[in-house]
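Subject: Structure handover and notes

Hello,

Please find the structure below, for your own checks. My notes come after it.

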Amino acid sequence: MIKYALACEQAHEFESWFPSSEAFEEQRKRGFVTCPFCNSAKVDKQIMAPSVARTDKAPVVQADMQPMAVLSDKEQEIRAALRALCEQVLKNSEDVGKNFVEEARKMHYGEAEERSIRGEADLEEARALLEEGIDVLPIPVVPDDRN
């Protein structure tokens with residue numbers, strides 16, 4: 001595994017791990033390497049100091065390692081807010097699953113009782129709903145705390 005220091009076109013700096021330099025280049029070409037701050041896919045490697053093993057210290061044993069926070073306080077606040085938003089949406093809406101598009105249209109045209117619903121729609125279906133004047137929003141995906 002290789003850890004790269006990266007920066008986007010907006011000068012946001014971040015790090016990421018890749019199996020190899022070829023894997024990084026392939027993922028970057030395909031638009032999979034994006035800035036976690038602004039979602040820009042224009043990302044480049046930055047100069048990094050090499051990791052050199054110290055000889056004056058005993059090796060670290062896996063059992064001695066403690067979890068480390070890699071998120072800033074602001075990033076942790078944002079994740080907490082997203083998590084709370086998702087919990088509110090899930091708690092206060094009806095899951096209509098694959099019937100979301102049909103149910104949203106029925107409510108919009110007065111054929112069904114208006115209520116908060118959530119469900120599944122692909123990008124094309126969501127665009128069609130928006131073009132009809134039906135407000136829809138994706139539920140944000142909260143990254144796993146272990147990521």
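This is a predicted model: local features need pLDDT of at least 70, side-chain atom pairs count only at pLDDT 80 or more; totals for chains, interfaces and linings use all residues.

Residues are numbered from 1 along each chain as its sequence is written, and side-chain values use heavy atoms, with hydrogens and water left out.

Cores

A nonpolar core here is a set of buried Ala, Val, Leu, Ile, Met, Phe, Trp, Tyr and Cys residues joined through side-chain atoms within 4.5 Å. Buried is under 20% relative accessible area, exposed is over 50%, and partly exposed lies in between (1.4 Å probe, protein chains only). The largest such core has eleven residues: V96, F100, V101, A104, M107, A112, I117, A126, L129, I134 and V136. Two or more of its residues come from each of α3 (100-108) and α4 (123-131), and α3 has the largest share, with four. Helices (H or I, at least four residues) and strands (E, at least two) are DSSP runs, numbered from the N terminus. Another core, of nine residues, lies apart from this one and includes Y4, F24, V33 and V43.

Pocket

The second largest pocket has a volume of about 750 Å³. For the method: on a 1 Å grid over the protein atoms alone, a pocket is an open set of points where a 1.4 Å probe fits, with protein on both sides within 12 Å along at least five of seven lines; lining residues have an atom within 4 Å of a point. Grid points are joined across faces, edges and corners, and the volume is the space filled by probe spheres set on the points.

Its lining consists of 28 residues, with F100, I117, D135, V136 and L137 nearest the centre. At least two lining residues come from each of α2 (73-91), α3, β5 (117-119) and α4; α3 gives the most, four. By class, 16 are nonpolar, six polar and six charged. Ala, Val, Leu, Ile, Met, Phe, Trp, Tyr, Cys and Pro count as nonpolar, Asp, Glu, Lys and Arg as charged, and the others, Gly among them, as polar.

A121 sits in the loop between β5 and α4. A121 counts as partly exposed because its relative accessibility is 35%. Beyond four places in sequence, A121 touches F100 and V101. Its C-alpha atom is 8.8 Å from that of G97, 24 residues away along the chain.

Hairpin and positive phi

Strands β1 (residues 2-8) and β2 (residues 13-18) run antiparallel and are joined by six bridges; strands pair if DSSP finds at least two bridges between them. Y4 stands opposite S16 in β2. The two strands form a hairpin with four residues between them. A11, in that turn, has a positive phi of about 70° although it is not a glycine. A11 is exposed, at 58% relative accessible area.

N39 also is a non-glycine residue with positive phi, near 70°. N39 lies in the loop between α1 (21-29) and β3 (43-45) and is exposed, at 55%.

E13, in β2, is exposed at 63% relative accessibility. Not counting residues up to four places away, E13 touches L6, A7 and F37. The C-alpha atoms of E13 and F37 are 9.0 Å apart, with the two residues 24 apart along the chain.

Regards

How values were computed: Contact means heavy atoms within 4.5 Å.
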